Amino acid sequence: MRFLLAVIALLGSTNSVTAFAPINHHHHHPTQQINTALAAKGGKLSVRPIGIGSCAPSTVITNADMEAVHDTSDEWIRTRTGIEQRRVLVHEGTRKIIGTDGEETETPETLRTLGIEAAKNALEMAGKSPSDIDLVICATSSPDDLFGDAPSIASAIGIEAGKCVAFDLTAACSGFLFGIVTASQFLTNGASQNALVLGADALTRWVDWDDRNSCILFGDGAGAMVLTRSDENEGLTGSEDGFGILGYAMHSNGAGYKDLNCIYKGEPKKISTPGEGTVVEDGSYDSMGMNGRKVYSFATREVPTVLEEALEQAGISVDEVDHLLLHQANIRIMETVASRLGMPMEKVITNLSKYGNTSAASIPLALDEAVRSGRVKKGDVIACAGFGAGLSWGAAILKWG
């Protein structure tokens, strides 16, 4: 269902969706696999990003803390990743919140509650009420509810039942970027007026904490963006043209799934059906598996290219970009991508050092801080790119506000 809704939105636009499949003409090898790469790209979309919000867990684990867990050091982690600490969801964790009556209370801290708070913050900045939202997409690979968190988040923030469609989208660390492009198709096509797109992940639940090379990388968090449909010339002034997404390009290639994954792992369970019984499975997932060198090579190769594709779709040059915002995976990846694009690091937005790799949450977490600090201003052009498991990667050129 998640995939079908996203495809309907994409196919409803005038932009392109392409499948590249090298065909094997040797019929005597019928079981040989075909590697299929998918791509979608397009130009200006009549939407505007008008609100951003985020929320991170209250528990902080620093690099110094990790020294007590593994044979590692703050210097070793920092110089190789750019990470100094990460936020994590803990077992039966709670967080303090201030109610409408001004009283402080404790509430459970889960991925869903992080998403709720991020959504409320984004709505407040956008000046929108829950009743204005008619589309909610939650980009996540680690929902609290296997069936999806978007509907329950929509309900929790006050969206009336039956007044909006809400669904999860899974594209790992590319999820938020894929989510805003998907939502923009619904808005541009006229199916929706205002969309709330969340990126929320808790990958610390799925890392192998006995593997020092991977457990140091990840943190948990949630971010949200409000997008609104732009009707031509409605309420626009000066240089505004109503286009908040100037161009985008998205790709995936399942041939690389083995380099970054979290695979289903069922445990046998025998049930006493007639005869010898039936062995079914109690479901679970293994820890995340990652080939760090191959993922690094993939990211530094593909991300500059997909950003150039998106810039071409937007019809602008690198020099016209005010900020570069990449999925917050590794500072070395950001440095390499910026260098290959010819952009100074001063233009790179990053908060990786404070949060680690928060997967689908990383782009909105970083953008929220940049907007609220005044670094990103209305009209600024932001080149965004996400990349990760799938393998998947994509870019979008945003004009803020």
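User: Asp-368, buried or exposed?

Analyst: Buried, at a relative accessible area of 6% in this predicted model.

User: What does Asp-368 pair with?

Analyst: Asp-368 forms a salt bridge with Arg-372. Their closest N and O atoms are 2.5 Å apart.

User: Where do Arg-372 and Asp-368 lie?

Analyst: Both sit in helix α11, which covers residues 362-372. They are four residues apart there, about one turn of the helix.

User: And how accessible is Arg-372?

Analyst: Arg-372 comes out at 46% relative accessibility, so it counts as partly exposed.

User: How many salt bridges does the structure hold?

Analyst: There are seven of them. One of these is the contact between Glu-109 and Arg-95, where the closest N and O atoms are 2.4 Å apart.

User: Which parts of the chain does that one tie together?

Analyst: Glu-109 is in the loop between β7 (104-108) and α4, while Arg-95 belongs to strand β6, so the pair links parts that lie 14 residues apart in sequence.

User: Are Glu-109 and Arg-95 buried or exposed?

Analyst: Glu-109 counts as buried because its relative accessibility is 4%. Arg-95 counts as buried too, with 14%.

User: How accessible is Glu-117?

Analyst: Glu-117 has a relative accessible area of 27%, so it is partly exposed.

User: Which residues line it?

Analyst: The lining of the second largest pocket consists of Arg-95, Ile-97, Thr-107, Thr-113, Ile-116, Glu-117, Lys-120 and Asn-121. Arg-95 and Glu-117 are also the two ends of the 3.4 Å salt bridge.

User: Which elements supply at least two lining residues each?

Analyst: Those are β6 (94-98) and α4 (111-126). The largest share comes from α4, with five residues.

User: What about the surface, which residues form a nonpolar patch?

Analyst: Leu-146, Phe-147, Tyr-257, Ile-263, Tyr-264 and Tyr-285 make one up. Together they have about 710 Å² of accessible area.

User: Where is Tyr-264, and how accessible?

Analyst: Tyr-264 is in the loop between β13 (260-261) and β14 (267-271). With 41% relative accessibility, Tyr-264 counts as partly exposed.

User: Now the backbone. Which peptide bond is cis?

Analyst: The one from Gly-390 to Leu-391 is cis, with omega near -5°. Leu-391 falls in the loop between β19 (381-388) and β20 (392-399).

User: Which non-glycine residues have positive phi?

Analyst: Glu-92 is one of them, with phi of about 55°. Ser-359 is another, also with phi near 55°.

User: Where are Glu-92 and Ser-359 found?

Analyst: Glu-92 is in the loop between β5 (85-88) and β6. Ser-359 is in the loop between α10 (352-355) and α11.

User: Buried or exposed, for each of Glu-92 and Ser-359?

Analyst: Glu-92 is exposed, with a relative accessible area of 71%, whereas Ser-359 is buried, with 1%.

User: Last bit, the whole chain. How many helices and strands?

Analyst: The protein chain has eleven helices and 20 strands.

User: And what share of the residues is buried?

Analyst: Buried residues make up 49% of the 401 in the chain. The accessible surface comes to about 18,600 Å², and carbon and sulfur atoms account for 51% of that area.

User: What about contacts between residues at least 6 apart in sequence, what share joins residues at least 24 apart?

Analyst: That share is 74%.

Notes. Residues numbered from 1 in each chain as written. Predicted model: local features only at pLDDT ≥ 70, side-chain atom pairs only at ≥ 80, totals over all residues. Heavy atoms only, no water. Buried < 20%, exposed > 50% of the residue type's maximum accessible area, 1.4 Å probe, protein only. Contact = heavy atoms within 4.5 Å. Areas by Shrake-Rupley, 256 points an atom, 1.4 Å probe, with all protein chains shown as cover. Patch = residues over 30% accessible without salt bridge, like charges linked within 9 Å, V, L, I, M, F, W, Y side chains within 5 Å. Salt bridge = Lys/Arg side-chain N within 4 Å of Asp/Glu carboxyl O. 1 Å grid on protein atoms, 1.4 Å probe; cavity = no way out; pocket = protein on both sides within 12 Å on 5 of 7 lines; lining within 4 Å.
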